[in-house]
Amino acid sequence: MISKELYRIEKDSLGEVQVPVSAMYGAQTQRAVENFQISGLLPRPAFIWSLAVIKKTAARVNSELGLLPRDIADVIQQAAQEVMDGQWVDQFVVDPYQAGAGTSHHMNMNEVLANRASSLLAEIGCPTKIHPNDHVNMAQSTNDVIPTAIRLGCLWRLDELDSALSGLASNLANKSVEFDAIIKSGRTHLQDAVPIRLGQEFGAYATAVDRDRQRIIRSTQGLHRLGIGGTAAGTGLNAHSDYANRMTVVIKEFTGFNVFLANDLFEVMQSEADFADFSSAMRNTALTLSRIANDFRLLSSGPSSGLDEIRLPAVQPGSSIMPGKVNPVMAEMLNMTMIQVISMDSAVAAAAAAGQLELNVMLPIIAYNVFEMMHILINAVNSFSERCVKGISANPDKCQYWLERNTILITTLNPKIGYQAGARLAQAALKTNRTILEVAKEQISNGSLKKLDGSPVTFAEIQKALKAVEAMTRGGLQPE
């Protein structure tokens, strides 16, 4: 119960409600605050902004259609613009885990704008009281407003997400050029495989990130379809016949987004597949980024007892007990963030499947998860790119050390000495912990290493075959 000195009494269709004196919202929002004390989470700015865009647009369109007095429409638009500009954020207080469809989020916006618009009128000496339902929500329903707001909110942050991924791909590509001259052991099954260039490894990372970036862009095509004007269940109830088309045109004008009215307002209200598509594209990106983070941790492992082929920037001490220990913290952060993104996609998929008949009421959890996925992806990718990838250095000596001990190099000798002789050479190198060249030189000197035709192998021939590795890593000459 709110202290008597700190609340005012407001009424809704269920009766009186105590609302904090300082609150710009009203009775329905207060009921939601009391009913849904679940997570302490609040709507993301993208959601608040996009709801305000719709309210500003509706006020203008309804005024132009002669349905809303001009003075009321003007102050609603002004109040909505203030919210779009980041004002009154502390007034949006409803937990995302709430009643279905997002009515509580919706009424929170309606009430804040109604009270702010009323105060703007009062400032110019007009006593008119603006109503959250009759004025701010004219020709609208939670059924069409909330899905439209989610679409617009995703598009609002799309450039940020695209820029973050583009930046990461670019930094990885720069490293691929920087590391191009370094030949190292490739690995498959976590075992030594044919030689590759460290630059090729990083170039593949860059390509993978860029392909995921393109997948995300493609998945947003469906988000440009708007169902605004469908009002309740897609029927267009209580909306002017020109309302839906005009809303789409003005939203495009206000946002610059290439949006258009969906051809089936019933489908766009029943189905949340567009959000599932977008979410799954972010999940795929998270899978790629998790894989890259895992590789960075492996390649930088040790340094004394691990691979130590790359060195990650030291950004903080790694242990409270072991002096000098530095951990791959940015890669670990990326792993954890991407695990969260993957789990959120599962929630979006389950929510998208939970629709029933004319409406999917799981929209609040879809909104929360999609906006949160975008938010943490943007921040994690930017941090990883700037504080890790940019500062990576290669360790050519360690790359060479492992390469010289890679028995797969013997594959280049197969055409000369055959598979069986190559296997014996590899086993001897492993057993004695020596390089292929060292063992080959020994076997040549004692006459045990011969060609397939029985003739002796020269050390110069061995060196020439192994040198062909460099050409192979460039996709050029094959070994003789």
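**Notes on a predicted model**

1. Start at the end of a helix. Gly-447 follows α15, and its phi is positive, near 80°. This is a predicted model.

2. Now look at helix α15 itself, residues 436-445. Its buried residues are Ile-436, Val-439, Ala-440 and Gln-443. They sit on the same side of α15, because they cover an arc of only 100° around the axis. Lys-441 and Ser-445 are exposed on the other side of α15.

3. Backbone angles deserve a check elsewhere too. Most residues other than glycine have a negative phi. Ala-139 has a positive phi, near 65°. Ala-139 belongs to the loop between α5 (132-136) and α6. Its relative accessibility is 8%, so Ala-139 counts as buried.

4. Asn-238 is another residue other than glycine with a positive phi, here near 70°. Find Asn-238 in the loop between β5 (225-226) and α8 (243-255). Is Asn-238 buried or exposed? Asn-238 is exposed, at a relative accessible area of 68%.

5. Next, a peptide bond. Most peptide bonds are trans. The bond that joins Gly-302 and Pro-303 is cis, with omega about 0°. Pro-303 is in the loop between α10 (273-299) and β7 (310-311).

6. Go on to the salt bridges. The count comes to 25. One of them pairs Glu-372 with Arg-44, and the closest N and O atoms are 2.8 Å apart. Glu-372 is in helix α12 and Arg-44 is in the loop between α1 and α2, so this pair ties together parts 328 residues apart in sequence. Glu-372 is buried, at 11% relative accessibility. Arg-44 is partly exposed, at 24%.

7. Arg-60 and Glu-253 also form a salt bridge, with 2.9 Å between the closest N and O atoms. Which helices hold the two residues? Arg-60 lies in helix α2 and Glu-253 in helix α8, so the pair ties together parts 193 residues apart in sequence.

8. A further salt bridge joins the side chains of Arg-283 and Asp-345, at 3.3 Å from N to O. Arg-283 is in helix α10 and Asp-345 in helix α11 (residues 329-352), so to speak distant parts of the chain, 62 residues apart. Arg-283 is partly exposed, at 26% relative accessible area. Asp-345 is buried, at 5%. Elsewhere, salt bridges link Arg-151, Arg-225, Glu-267 and Asp-274 in a network.

9. Helix α12 (residues 363-387) also holds Ile-366. Its relative accessibility is 0%, so Ile-366 counts as buried. What does Ile-366 touch, not counting residues up to four places away in sequence? The residues are Glu-272, Phe-275, Val-348, Ala-351 and Ala-352. Glu-272 is 94 residues from Ile-366 along the chain, yet their C-alpha atoms are separated by 8.8 Å.

10. Ser-176 is in helix α6, residues 142-178. Ser-176 is buried, with 14% relative accessible area. Its side chain reaches the backbone oxygen of Ala-173 at 2.5 Å. Ser-176 is also in contact with Gly-199, Phe-202 and Gly-203, leaving aside neighbours within four places in sequence.

11. Finish on the surface. Ile-38, Leu-41 and Tyr-97 form a nonpolar patch there. Together they have about 260 Å² of accessible area. Leu-41 sits in the loop between α1 (27-35) and α2 (45-64). At 32% relative accessibility, Leu-41 is partly exposed.

Technical notes. Residues numbered from 1 in each chain as written. Heavy atoms only, no water. Patch = residues over 30% accessible without salt bridge, like charges linked within 9 Å, V, L, I, M, F, W, Y side chains within 5 Å. Areas by Shrake-Rupley, 256 points an atom, 1.4 Å probe, with all protein chains shown as cover. Salt bridge = Lys/Arg side-chain N within 4 Å of Asp/Glu carboxyl O. Helix = DSSP H or I, 4+ residues; strand = E, 2+ residues; numbered from the N terminus. Buried < 20%, exposed > 50% of the residue type's maximum accessible area, 1.4 Å probe, protein only. Polar contact = N/O pair within 3.5 Å; in protein donor to acceptor, adjacent residues only side chain to side chain. Contact = heavy atoms within 4.5 Å. Arc of directions from axis to C-beta.
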